[in-house]
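Dear colleague,

My findings follow directly after it.

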Amino acid sequence: MNVINAVAERPDTAKATTYDAIIIGAGISGMFMLYRLRELGMTARVFEMGTNVGGTWYWNRYPGARFDSESWTYGYSFSKELMQEWDWKEHFSPQPDTLEYLNHVADKFDLRRDMQFRSTVTSAHWDDAANQWHVTLEGGQKATSRFLFTAVGILSAHTLPAIPGRESFQGPAYHPARWPHTPVDFTGKRVGIIGTGATAIQAIPEIAKQAKQLTVFQRRPNWAAPLHNSKISKEEMEKIKARYDEIYAYCATTPMWFIHQMDHRKTLEVPKEEREAFWEKLYAEPGFGIWLGNFRDIGTDEEAAAAISEFIANKIRQRVKDPKVAEKLIPKDHPFASRRVPLESGYFEAYNRDNVRLVDTLNDETIECITPQGIRTNKQDYEFDILIYATGFDGVTGAFDRIDIRGTNRVRLKDAWAESPRTYLGMLAEGFPNMLMVLGPHTARGNIPQAIEHSVQFQTGMLKFMQEHNYTHVETRPEQVDEWTQTVIKAAEPLLSSKVDSWQTGVNRNVDGRTVRRVLGYNGNGVHFRRLTDQVAKDGYKEFSFR
Ligand code: NA7
């Protein structure tokens, strides 16, 4: 197996081994958590697998990787100075620019001095008697802390396809989330890619421009809509900077904290012509408007979902020249917006190129195995110079499962969550004292950096409260966990997305036991979530139990 893994060297030994807090992960969450903990006067150490900061934007270096969210709503907002000094170059920032931004943040706030890279946390065990966490890294290094912060991301546990023969392929094979740090040259190469999720949808048009031939193995097609990215001029950036307060305040009023506000009409109440004109407008606009700015029932009402799906299907038919290929690219098993909608830049047109072919592995051929030369289906052998496994992630809980986390009575988190996560607000897990999760399961997500900032503010607010009251121990209350778990499950019930297999519902057939759908996020309104958490803070965190 030659999937590239950028991490090779072992860490240096840390100077001290006891901290007030250990943070796992140096992505957007871990960086901001460190910043805030320092403000509280706490000693903190970040352990990060990679060789530098950036998390998702450190790992995912594949061609075409970029934000699907407006850059100017997707950065940190805690520092006005930072906002004013950083110029986003494109409305949807490409990965290299985003990584540069995060490095700039790390430099500006001198974050790296409390970070240890090439450091994979393998276990974290709670010690009730000592009221602290014992953390072990790959290689044996140990550290202890009063608090443990998981800042591990929701899409960081990448998964390779469970297809026999994977080890035998003789050429280079890559997962997009472990992409090499130097660009891969596809010139003159025959490339095979498995998967057609958001990642592949970004990568395919870019690889197609270079490769001699690109063969896409599609199991289930995904709905996708145009991104409409463009550059940001100096003048436009100045205007955005002048409006930052207004922009972020507006995002906080929308259900998912994006710049897109849902349309409060119901789809079928709007006359067909008016509806179609509205959809034409959304389809021609940049960003998630077609998903998040759409009629309020497209995610819950089957007829409404069928109508928007038909609209998008017709767009695909118009854009893909070969009608047979177009039909294969149109999902038939789930409606538009019932999985996270990938945004694309020329994805459908890529299939009009002579050097791109689509293999439908659901209806036409079945992948049997990977061979030394390429991929064998039940119909033929395909030969490739390079293989790409754009096969996604063990979403939300996957990164937790990869660490042996044990709480009270040495209960393993993985076992405790086997059927469903049990948390309060997705921030503290039942039975795991002093472990605070940024983007944990059952929390509100939407606009990820804004969700992170909100969560970090809430958690560090609670730590400040603990400092003021001389508390050193925090736990959930069982009745709050029951109530929150039920709230989360209830909020997911009306959603069509709850009836579809995806990383969001926790299904990943490349991972043992990941065949049953689970609720992994809080799908209620983000505005209510903010209100609730603000109220909990205002009332003195009564829902938690302190010692
Ligand atoms: P996704 O969206 O989970 O997509 C993974 C893709 O890989 C999807 O098309 C899968 O098909 C396919 N897949 C996975 N395993 C296999 C096997 N064994 N054989 C064939 N095809 C397979 O992951 P992405 O990385 O694209 O995107 C993740 C998120 O990142 C995205 O939602 C954004 O939030 C950013 P399937 O649909 O399961 O039939």
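**Helix packing and ligand surroundings**

Helix 1 and helix 15 are roughly parallel to each other, because their axes cross at roughly 30 degrees and angles under 35 degrees count as roughly parallel. Please note that the model is a predicted one. The two axes come within 10 Å, and the crossing of helix 1 and helix 15 is right-handed. On the side of helix 1 (residues 28-39), the contact is made by Ile 28, Ser 29, Phe 32, Met 33, Arg 36 and Leu 37. Their partners in helix 15 (residues 448-468) include Pro 449, Ile 452, Val 456 and Leu 463. By class, eight residues of this contact are nonpolar, four are polar and two are charged.

Helix 15 also packs with helix 17 (residues 526-538), at an angle of about 15 degrees and with the axes 11 Å apart. These two helices are therefore roughly parallel as well. Their crossing is left-handed. Here Gln 450, His 454 and Phe 458 of helix 15 meet residues of helix 17, among them Phe 529, Arg 530 and Asp 534. The contact of helix 15 with helix 17 comprises four nonpolar, three polar and two charged residues.

For Arg 339, a side-chain N or O atom is 2.9 Å from a ligand oxygen atom.

With kind regards

Notes: Residues numbered from 1 in each chain as written. Predicted model: local features only at pLDDT ≥ 70, side-chain atom pairs only at ≥ 80, totals over all residues. Heavy atoms only, no water. Axes fitted to C-alpha atoms, helices over the stretch in contact; angles between N-to-C directions. Helix = DSSP H or I, 4+ residues; strand = E, 2+ residues; numbered from the N terminus. Parallel < 35°, antiparallel > 145°, perpendicular 65-115°, else oblique. Left-handed = near helix turned anticlockwise from the far one by under 90°. Contact = heavy atoms within 4.5 Å. Nonpolar A, V, L, I, M, F, W, Y, C, P; charged D, E, K, R; others polar. Polar contact = N/O pair within 3.5 Å; in protein donor to acceptor, adjacent residues only side chain to side chain.
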